[in-house]
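Student: Could you show me how to read the strands and sheets in a model like this one?
Tutor: Gladly; let us look at it together.

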Amino acid sequence: RRLYLDATQHELRGEDRLSPAAGRGRSADYVVRFHLDPEVKASVALDGRSVVLRTPTAGGWRLRHDAGAAAIEPSTVYEGGLPRRTQQLVLSGHVLAEVGARVRWKLSPVESEG
């Protein structure tokens, strides 16, 4: 995983490079997961190319991606040894074994979009 912080644009960009394990055949499915804080609420845009993340106090963020699909699934975090329900953002797709996959994403404030 590579991360790029652009302080002037208030963006965090990332790139995940994936390769199927040896002996997995000619192709494979991949999944990249982002477990969210319990106070963050996520929703996938209608086009499936971005996800809006809302916090109760700091406004919203948009995560854009070039994965095959995005979904929101239940998750659990542990705070002080106790489980707490939350959500996870799941980016998924399909990759050819000889090519591998590159999943790029960008997190930016909703307010900065114009």
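Tutor: Start with an open sheet of three strands in the order 3-8-7, paired in the antiparallel sense. Strands here are DSSP runs of E of at least two residues, numbered from the N terminus, and two of them pair if DSSP finds at least two bridges between them. This is a predicted model, where local features need pLDDT of at least 70, side-chain atom pairs count only at pLDDT 80 or more, and totals for chains, interfaces and linings use all residues. Residues are numbered from 1 along each chain as its sequence is written, and side-chain values use heavy atoms, without hydrogens and water.

Student: Which strands stand at the edges of that sheet?
Tutor: Strand 3 (27–35) and strand 7 (69–79) each have a single partner strand, so one side of each lacks a neighbour in the sheet. On average, neighbouring strands of this sheet are turned by 30 degrees against each other, direction ignored; the axes are lines fitted to C-alpha atoms.

Student: How many bridges join strand 3 to strand 8?
Tutor: In general, strands of a sheet pair through backbone hydrogen bonds, either parallel or antiparallel. Here, nine bridges link strand 3 to strand 8 (residues 82–96), and the two run antiparallel. Ser27 faces Leu96 in strand 8.

Student: What joins strand 5 to strand 6?
Tutor: A hairpin does, through three residues. Strand 5 (residues 50–55) and strand 6 (residues 59–65) pair antiparallel over six bridges, with Ser50 opposite Arg64 in strand 6.

Student: And where is the bridge partner of Arg62?
Tutor: Look in strand 9, at Ser108. Strand 6 and strand 9 (residues 101–109) are joined by five bridges and run antiparallel.

Terms used. Helices (H or I, at least four residues) and strands (E, at least two) are DSSP runs, numbered from the N terminus. Axes are lines fitted to C-alpha atoms, for helices over the stretch in contact, and angles run from 0 to 180 degrees between N-to-C directions.
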